[in-house]
Every structure is written in C-alpha cells, then in structure tokens.
Amino acid sequence: MTMLFTAILASSLFLTAHATPQLPTKTLFQSNFKLPASGNALWYRSPSANWVFESLPIGNGYMGAAVFGGVQNDTVLMNLDDLWAGGPFSSPTYNGANWNASYAPTVHEKLKALRNTIFANGTAPDLNGITTDAGDYGTFSSAGNLVIARGVGIDYSNYTRWLDMDQGIIRSTWKETKNDVRREYICSYPERLCSHMTSSITPFPQVSYAIETIQGHSNLQLGCQDNSTLVLRGNAGSNGAGMLYEIVGRVQVSKTTGASTTCSAGVITVSNATDIWFTWTGGTEYNIDAGTADQRYSFKGPDPHSSILKRLSSASSLSYSSFVQRHVKDYTTGTSQNFQLDIGQKPDWSRTTDQLIEDYKEQQLSGQRGDTGRTLLEWLFFNFGRHLMFGSARGNLPANLQGVWSQGSWAPWSGDYHVNINVQMMYWPVETTGMDVTQTLWDFIQKTVIPRGSETASILYNVSRGWAMHNEINTFGSTGMKGLDIPNYNPAEWTNYAAGGAWLMTHAWDHFDYTGDVQWLRKQGYPLLKSTAEYWLDALQLDRNTNDGSLVAVPCNSPELPQTTFGCAHWQQLIWELFNSVEKALQILGTGGEQSFLLEVQKKRVKLDRGLRIGAESQVQEWKLDFDNSAHLDHRHLSHLTGLYPSYSIASFVPGSDGIKPGGLTRQALLTASTTTLIQRGIGTAPDADAGWGKIWRAACWAQLGNSTRFYDQLSYAISRNFAANLFSLYNPFNTAENTLFQMDANGGFPAAVLNALIQAPDTQYLSETLTITLLPALPTSWSQGALRGVRVRRGLEVDMAWKAGSLTAVTLKAPRLQGGKQIKVIVKGKNLNKELLVGRGNVIKVL
C-alpha cells in the first residue's frame, strides 16, 4: 500500500465522525415489495448467469450497475460514465487522430489530388493517404465488480427478481429454511450513488462485501478506511499512467442484537444483521472542461477523492426510506409523470419475461400472433428503451454505445460514440417523450468535439471556420479521420464520415423545436448550429463531374459502403437540413448581427445538391452517380433514406423548395422510390451484419410510409432475433462466444419506431409551412385499442389521444411550449379525422 493511499484512508475518517442512523430491522418487509400492478416490470425466476443476456441494468447517468441478483453470491458490475483508458492520460502526445499542423500543406495537397481524382473518374480507389493513426484511442472501462458472498451453500425457493420500471428499482426475494429474504438495488440521481439493500426475517450469520478489481487496470489499491468502508483506487488501462479513478463503498446495518461489521484486506464482513445497506459512489479525474488547446487537451481534473467522500457522507445522513423516496420522485418525474403509452397491454404474471420472449419467438416462426403477451412484451420494450436512456444520459457524458454499462477493461467498439447512426438512434425517442436527458450531449459536442474538431477542419480540410468530426468519437476529442495501419486496407467506408456533425445538429434543432427553450437556443443551440454550418459553407465544392452548377461534399462515403465519391445522398440531405435549421433558429432569435451570415447560408443552399434522385431500378439513389448494385442492396444501413426517417428531406419534400434536384421530382415519387429501396435492403439480416438497429430503422421507415403490416413484421422480427432475455439489444445474436455484443442503439430506437407508427409530424424547411400531424399512420391490428398522453410534437405542441377498434375516439392538441409570438397553422389528420387549425401559445384544443 502506497503512502498516498494510506494517507487517503486516514483522511477519510471524518465519515465516521457524523452520527450515522442505524437501519430499522426488517426494512424491506415494511414496504410494498410487490411486482407493479401496471405490469411494467421485467421479472425472472432465477438469478442471472451472464451479464449481457440476463443481468438487469440501473443507472443515474454518472454510474451504472448491472445486477445479477444471486443468492449465495451476488454480483453487481460497477461503471462510471467517464472512466476511459487511453487518451492523453496514457499518452501525453495523443492528438485526437489529427495530423501535426506542420504537415497541413502536404495534407491539403493530398486532399486536392483526391478531389481531382473523384471529379475526373466519379470515384477514388482509396483516400490518398489523408487518414492518420488513431493513436491511443482508448476504451470505456468497467470500474470493478461488487461481490456479496455468504460463504456457505444455501437452499432456497420461491425466487423472484425484477426490474420495476415504474420506479427504476431492481428487487429480488426468496425463501430459505426459517428465513425470508428481500433485496433492493437503486442508483440514485439525487444522491449520485448506487445502493444494495438486504433485509431478512432472521439475522444472517455472516455476509461479506468486496470490490473485485478489473484485470487490465493498473496501480490498483483496495483497502479498508474503517470497519464499514472500502476504498478502491487505480488507473485505467495497463500502462500505469491512465486516468485515476476511485470507488468508495460503505455498509450500514440494523440494530439487531450482536450485529457487527469488520473490515480486513479489502473485505467488509457483516455478522448477525437482518438489514444491510451497502452504498457506493465513485469518480475519476476526467474533466470535460479541460479539453481545450489552452488546457493542452489534457481533460485532467482534480483527484476525485474529496468529492466522493462528500457525496457518501451526505447520503449517510439519510434514512433509507428518504433515500428511496427521493429516487422514486426523480425517476417518475423524468419518465412517466408527463408521458404515458397504452397499446392495450395487460399484466401477465403467469409468464416470466424470458418466457414471454421465447413464446414470442415461437409465434414469430409459426405466424400465430393472437397471444396477449405479445402486446405486453412490446410495451415493455418501449419502456425499457426509455429506462436505459434515463439511466445513462444524465451524468458527465452522453450515453455511449452501451449506455453506461460494461464488463471488463475493454468495451466492444470501445464503448464510444459512433455518429453514423448509433448515437442518433439512442436519442430518437427522448424529445417526443419529454425526457430531459440531452444536456450532456450538447456539452459533449461543445467541449469535447468542437475544440479538436476545429483543428481537423483546418489541418485536414483547409477550412478555417467551424469544425469537423468523423464517425468514431471517444471522450478525448478524437475528431480526425483515423485509419488502421494494415497493408492494402482501405478504411474509407467507416472513417470517411464528416457528415456526423450535421446529423447531430438535427438533434440540436429538434431539442428547441420540441421544448421551445429559447434561452438554450440562444446560449448553446444556435452557436452549435452556426459553427457546424460555417464548416460546410467553406467545405462544399462545385461539382466538376456533372458540371450542373451544384455544391457537393467531396470526398464522401455513404456510411459503411466502399464507394468514395462526391454528393452522397445522405450527406447532401443533412447539409440542406442544417442550413434550414440555421435559418429557422434566426427566425426565432432575430437575425441581429447575423444577417450577413444568414444570407451566406441562403445563397449556398440554393446551389446545394439536395441528394434526391431516383435511380435506374426505381430506388432512391444513394450517390449522385448511380452506383447501386446487387452487392450492396441488402446492406444494414439506410443512409440515403435519412430524409424519410428520422428526418424530412423526403418525408416533407416540396417540389418548389430550393437546392439542385432533378426536374419533375415529386414527394410521391420519392416515397414510392423509398418503398423500393426498403424492399431491396431486406429485413436487416445480411452477410454484412445482423444488427438490431438495422431492423428497428427499417420498422420506423415502414411506419413513415404508412405501411402498418411491414412496420409490425419488421418490429416483430427484430424482437424475435436481436434481443436478449433481459431485453438488451444484441449486435450478433447467434455468436457462440460467451458474451454476445450488447449495443444500446436498438433499445433507444425501439420506442421511436413505435411512436412513429402512432403519431408523425415531420419537420418542414420553413417555420411558415403548415405542420401536418398524422395520427395512427401505421397502427398494427394488434394495437387496435390504446392511448397516448403527453406525447410531444414539433413547434412546442403536445397531443393526448385515444383510439378503439383502430379508430380515434379522442384527440386534444396543446401548445404549452409554442414559440415565435404568433399562431401557426396545423393540420391534424387520421383515419376518421382531418382538421386544419390555427394554434397559439397556451391553447388547448379538443380536436375530437
């Protein structure tokens, strides 16, 4: 044990100086310890044996816990949202995959030559050496595993564990010889800690609490601060210089006669207690505010020790009941107080969640769909996606590919931020369902991406304004176009993606459009939009291949496809929408000193290629030149349909809108071509991947086209193939490895796809255009009765609605957040409804 660690343990003694309330006996037997009457729970009859397939997740954004729920030995995976190996902590020369500034003239010449090749030939065979080594990119890492052990074989019966998604609490219960046991697991946002509570009728002879360290981390030190407190410190990664992190856990016990705690060699032993409450919190030295050039992109903050102790000390003064109440209030306020969905589901306590999934798979194979358990399971998937987002996106950082849950020192795809679909999909449902979880995303872009991204724009693209990024982003601002040092390997299909910033900005505009938060738009939203648009104003190039006078992005790759070319449909659609968002934002804020910038945006937009063409096979063309071929028809991505869903270039196409596009193009022609494209792209299982997100995206697109049969078939197929017993989304579901890969994207996309079948209101180019709200556009027959309350739509509007036998029975339109100071025109339509309304701020209109 180092002298520093010894001093840290000694300095922590003030924790015990405060009077800590002892627990009453049988705490959990005095509460309502039942499965929720609503049916909103995932429940099982046995403990988890595998974290990806069976563990249950809770989180508070800052921390995540994956709970196994064991009886003799219980394990909880402990995660901190900002714990990353690699980056500037491990490598002082880490530069975000950017070229050294001195090499910029050479890179600019390479880029110029690459563009010349593309315009001369339509494509280029590679990226002409403009990619860089990723450097010490790093990975999201687990902090440790909490292990609770009882040391002897235990006979038990009547075991049940469940995740209550009405309260955000995991519970388990079972019977032993002459004993009943209950457990409760919570990750509290108000207290910023997690807890493991056990109550029994008769005292446990002995229970131990230990933190299992993670192989692959270094300088690990685990010790006892006192007889009730554990402290774990270490550095992420194996080289000894990684990010410092710490976890502190403390146990409180009941007043049971003879109850005691001792701690030795990093293990707390509790004897003769009926009630044991173990709380833990943690932190790292990561500091998002230290990611600037002035700070040398160090991202290094203070030692987290003192702030951790303050949090734990504060929580120790709370009674357990107060702790639970504060958590439940926070959770329900954020998830269900203002939003509710009913698709006709009924609670079913005759079948566990894993049995419901198995039955669902069998029904999918047989074509039998009359089981009421299907609707319940679909509703649970909807709620689970929101549960994961609420538990992972409110901490220091936005939700990553695995939210805030991982096992071990390395996460698949580094647990990073893939911005060519994955991050966006996770955030699709948050605005429509009123979840206040996006601030970490805006701060991440502003403080982590843009500082390094401005270097990428300058050094790689010779653009002095704005910023650029590429597909894979870590927490240290890796914005450069990174490659892999493999002979004859061309990484263009995944690394050449500078459109990521434009796509993220659709979320920035959406945040204002749904919330009406003018103060945020002025302070942060518009500056993000402007800086992103500035880059594209300077980066767009005149098309020297077709010579049609249009501006195009070059070089571009449609995400994960090999053609390096110009004018990729996906890129062009997003840039056009970005320019629209700038104009709409200034209409809200007033142009003021931004008039010249707005005029620049408008002039470039008129010349911008729209990325909207219909190809030789009647499909939406993926590139400006028609490269579509059978080798890629079933590809997992639907990038050229971004304008259909989740965006609006196709969904709200107006022939007279500006930009360069083929003459005679109509919205209906584009929708028909989108149908052709979706059929060509298949059902999301193909040689290139078997991803849940690919299937969910397809479901949402079919809903946008109003095809309820194909929507539901695709959604059902995803459920039957790509989700585990704990409802985690699986990337390669039939991998025989012990841990199939978990990616959270499809979990977030699921509720968005469901909502798109129930209500649609795609954006428009101008705020002056009529907003069309379509109700029940792709309602499956199995959801023939239901209701939505508090669902948000654009322009700060909100809808309550109910339906029966597939027809609307009640519709109320509200305008609590409408901005702009005047009425807007809205069309509300559905199967038995078509009304044009003028709506003003604060109006509540009974439409039906």
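Modeller: Cys556 is buried, with a relative accessible area of 0%, where buried means under 20% relative accessible area, exposed over 50% and partly exposed in between, with a 1.4 Å probe and protein chains only. This is a predicted model, in which local features need pLDDT of at least 70 and side-chain atom pairs count only at pLDDT 80 or more, whereas totals for chains, interfaces and linings use all residues. Residues are numbered from 1 along each chain as its sequence is written, and side-chain values use heavy atoms, with hydrogens and water left out.

The partner of Cys556 is Cys568, and their sulfur atoms lie 2.2 Å apart, which makes a disulfide here, defined as a pair of cysteine sulfur atoms within 2.5 Å. The torsion about the S-S bond of Cys556 and Cys568 is about 90 degrees, so this disulfide is right-handed. Both cysteines lie in the loop between β23 (551–552) and α13 (569–589), so the pair ties together parts that are twelve residues apart in sequence; helices (H or I, at least four residues) and strands (E, at least two) are DSSP runs, numbered from the N terminus. Cys568 is likewise buried, at 0% relative accessible area.

By the same rule the count comes to three disulfides. In another of them, Cys187 and Cys194 have sulfur atoms 2.1 Å apart, and the torsion about their S-S bond is about 105 degrees, so it is right-handed. Cys187 is buried at 2%, and Cys194 is buried at 0%. Cys224 and Cys263 also form a disulfide, with sulfur atoms 2.0 Å apart, but here the torsion is about -75 degrees, so the bond is left-handed. Cys224 lies in strand β13 (residues 218–226) and Cys263 in strand β16 (residues 260–264), so this pair ties together parts that are 39 residues apart in sequence. Numbering the bonded cysteines in sequence order gives the pairing 1-2, 3-4, 5-6. Cys701 is buried at 0%, and its sulfur is 18 Å from the closest cysteine sulfur, in Cys568, which is too far for a bond.

Turning to charge, a search of the whole structure finds 39 salt bridges, each a side-chain nitrogen of Lys or Arg within 4 Å of a carboxyl oxygen of Asp or Glu. One of them joins Arg233 and Glu246 at 2.5 Å, N to O, and links distant parts of the chain, since Arg233 is in strand β14 (residues 229–235) and Glu246 in strand β15 (residues 244–253), 13 residues apart. Arg233 is buried at 4%, and Glu246 is buried at 0%. Asp510, Asp513, Lys584, Asp763, Arg794 and Arg795 are linked in a network of salt bridges.

As for nonpolar packing, a core is a set of buried Ala, Val, Leu, Ile, Met, Phe, Trp, Tyr and Cys residues joined through side-chain atoms within 4.5 Å. Of the 238 residues in the largest nonpolar core, Trp536, Leu758, Ile773, Leu797 and Met801 touch the most other members. A second, separate core of 23 residues includes Ala41, Met197, Leu318 and Tyr320.
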